[in-house]
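My entries follow the order in which I looked things up.

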Amino acid sequence: MTRWLDPHPVAIPASFLTLDLPPLVAQTLLRRGIATPESARAFLHPEEISPTPYPDVTSSAQGGMVRAVERIILAIRKSETICVWGDFDVDGQTSTTLLVQTLHAIGARVVYYIPIRGKEGHGVHIESLKPIIDGGATLIITCDTGVTAHAAIDFANARGVDVIVTDHHDLGETLPNALAVVNPKMLPPEHALANLAGVGVAYKTAEALLNSKLGIQKPASSIQTADLLDLTALGLIADVALLRGETRSLAQKGIEALRSTTRLGLRVIAELAGAALETLTEETIGFTFGPRLNALGRLGDANPAVELLLTRDPVRARVLAAQIEGLNSQRRLLTSQVYEAAEAQLKESPALLDEAAIVLSHPSWPGGVVGIVANKLVERHHKPAILLNESEDGILRGSARSIEGLHITEAIAAQKDILLGFGGHPMAAGMSLKKDDLAVFRKRLGAAVEKQLGATAREEPTLQIDAWLSLDEINFKLADSIESLAPFGAGNPALTFATRRVKLKSIREIGKNKEHLRLHIEDEAGNTQSLLWWSGDKEHLPDAETVIDLAYSLRAGSYRGEKQLSLQYEELRVVEEAPLEIRAAGIEVRDMRLQSSPLNLQPSTLIWAEGADQESGVSRVNLREAEEFSIFTMPPSPVELKKALEIVKPKIVYVFAKMPAEETAEDFLNRLAGLCKFTLNRRGGRVMVGELASALAAREAAVRVGLEWLAAGGQVGMTIKNSEVELSKDTRGKNPYLQAELFVALRGILKETAAYRKYLSTTGDLDRLVNAA
C-alpha cells in the first residue's frame, strides 16, 4: 500500500516576486531547493547560461580533454583512420553518431563500431577490435563505454594504437592505460558537468574540438554545436541522466532542437509512431524514440542506428525506421510476457516485496528486455528492481533500475566479491553472478540499499503529492505553467496532482493490442475528465461507480494537430466501495477427469475441444453462451479459461481436462510452421491468432512469439493487427539475435503451460479454480 504525502507548506519569499511566476511553479522550485532568484532563472531559462568548458582533469598516467583533442587533431592532420567505438543502448548510439558526425565534418577519416548485444555484450572486446586495427585504425575513441576495458586497451596499445576513453560509467579501482580518459565521474560531485551521460561527454568532446585553437581546417558547411543538441537530448533522456547543472540545460535546449530537427531518421520514426515533433517533450523521447532505438540494440544490431541518424536519403531512412518499428513490436511482446511472469512471481511470493530491493530471476526471460521490465517494476512498486535471466551454465545475468536517492551501482558494487562482473551509474546497472550466490546477493544487496536509504528502505512506499486540485481547476493555463519546469526526469520528477472523491465511471481498453486503459471519472459537481494509464492492468482497478482519490500527472500536448490536455494515471485509493450487487450463485462444477469421453452429456452441452481433440467439440473462437459447458481439452492457462467462461456463462461445467502431449519449443515451432504453410496455400495467408492457438491447444502468447520467431528466421513474412494474422512469402532478413531472445521466451511460455496443466490435472479444488476464473 502506497502512503500519500501532502505537499509541504512553503512561503514564497519577496525576492521571488520579481520573477512573476505562478504560485505553483514558485513553490515547486522552492521545495526542490532552488531558493534564489538567480538559481531559479538559471533553471527556467537555460538558453541564458554560457556553456561550461570541460576541465582538463588528468591522472598521473592519463591525459584528459586537452590531450584527447590534441591527439584527435593530430590524427586528422596525418589522415589516420579513427574508429569510434560505441554501445548498443540509445546513449551509446547517439554518442557514436555525434562523434562520427563531428569528425566527418572536420575532415577526419572515421569508421565506427557498436558491439552486438546478442554476441558480445557491453564493453570493448578484443576479438572485435582485432579486425578494426588490422583494417588500419590507429586511434580508437570509445563513447559510453571503456572506463573499465583494461585488457582491450592494453591489447590496442601493444598493437601501437592509441585509445581515448569518453565514458560516464562509474570508475573502477584503477583507470585503464588509455592515452586520455574523459569521464565526469572524475569531477567534483557539485560540478556543473558531473551528471553527464555518455552522449553529454561526447557533446563536450565535440565542443572542445570545434572550439580548439589548434587549426582544424573546417569546411564552409562546417558543423556547429547547436547541430548536435537533438542527439544530446535524445541520449540524456533515454539514459535517465540526472537533470542537474548543464545536463538539464543540454536536455532542455536539445528538446527544443528536436522539435525542428532535420534528421530524416528521427522524422520518419515520429511519423510511423504517430508522434508530433512540434510538441515533443521528454515523454516523447521516453515512450517513442527511446524504446524504438533501444529495441534495435536489444534485439538486433545497433550499428544501423548510426546510419539512420545520419542519412540524408529519405528512402533509406524509411527502410531503417520500418525495421526498427517491427523490432519495437517484438520488444513490446517480449516485455509483456516477462512483466506478467515477474508480477506472478511477486504474487506467489509476496514476501519478496518486503525486501529493500526487488530481485527476481528466471531461466526463460530474454536478456534483451529484463532492464525494461525492471524499470516497470520500479514504477509499479516504488522500489529498486533487478531482473536476471539464467543461462544453461548456471550464470545469472541481468539489469538493475533504481529510485531517486539510491546509487544502485554502489549498492551492487558492495557485493563485488560474489559477482562475476558489474557496471553502471546511479540509476541503472548490469551484473552477472552464479546462481548459487543469488540468495546471499539478495540479502546483502538489501543491506546495502538500507545503508544508503536508511529506515525508509523497508517502509511502505510513498507518493508525494505536489498539489490537490478539483477537476474544474485542470486547464491549459495550469498545464502551460507546468511546462516551464520541464524537462522532467531523474532529479526533477514530474509533478503529481491529486483529486479527492471522484467516481470511476468507466474503463476502456485502447491501443493497437488493447494494452492501455482510458479511465473516465466524474466529481460530485458533475465535472468529468479522462486519464490514460499506459500498460494499465484492469485487475488492479475497483468496480465502476467506486469513489476514489486519484493521483495523476498533467501535460499539454496535441493529437492530430489539435491541442489537448493529457492526464496520466499514477495511483488511486478507494474512499467508498461501489454499491454491492447481488451476485448469482457460483458455477456448478462436475469433475469428469477420470472419464475418457463426453458421449454421455446432454446434446445441448457445449464441448470445448482443441488440438488433437478438436473434432470432439468447438474451438475457443467458436464458443457461445450455453447453460452446460464441457471443458474437454485442458486449457493452456488461466487466461484462456477465464475468457471461455466469460463467453459461455455456464451454470454447469463438466471438467474432463484431457491432457495434450507436452512438447518442446522445437516441436511447437515445427507444428506452427506447418499451419503457416497451410494458411498460405489454402487460405490466402489470412488467419486469426486464436485459430492457430486452438489448433495447437496453446496460449495465444505462444503463437504470437512463435510467429515472430519464424519471421525473424526468414521463414515467413508476417504482420499481426489486433488478432488478425496476415502471412506472406515476402520475408524480411534473418535476425538470429532476435530469434534467440524469442526462443527463450517461447520455451518459458510452454513450460508455464505444462506446469498449469499438471496442476489442473491433480488439484482437488476444481470448484474454486473454475469459479475464481
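Entry 1, strand pairing. I started with β23 and strand β25 (residues 724-728), which pair in the antiparallel sense over three bridges. The model is a predicted one. I then looked up Arg686 and found that its bridge partner in β25 is Glu726.

Entry 2, the sheet. I traced the strand order as β23-β25-β24, an open sheet of three strands with antiparallel pairing. I noted β23 (686-688) and β24 (717-721) as the edge strands, each of which pairs on one side only.

I found helix α19 (residues 665-682) lying across β23 and β25, and its course runs at about 80° to β25. I also found α20 packed on the sheet, where it touches β23, β24 and β25. The direction of α20 makes about 70° with that of β23.

I turned to the packing of helix α20 (residues 689-696) with helix α21 (residues 700-712): the angle is about 105° and the axes are 9 Å apart. On the α20 side, I listed Val689, Gly690, Leu692, Ala693 and Leu696 as making the contact. On the α21 side, I listed Glu700, Val703, Arg704 and Leu707. I sorted the residues of this contact into six nonpolar, one polar and two charged.

Conventions: Residues numbered from 1 in each chain as written. Predicted model: local features only at pLDDT ≥ 70, side-chain atom pairs only at ≥ 80, totals over all residues. Heavy atoms only, no water. Axes fitted to C-alpha atoms, helices over the stretch in contact; angles between N-to-C directions. Helix = DSSP H or I, 4+ residues; strand = E, 2+ residues; numbered from the N terminus. Contact = heavy atoms within 4.5 Å. Nonpolar A, V, L, I, M, F, W, Y, C, P; charged D, E, K, R; others polar. Pairing = 2+ DSSP bridges.
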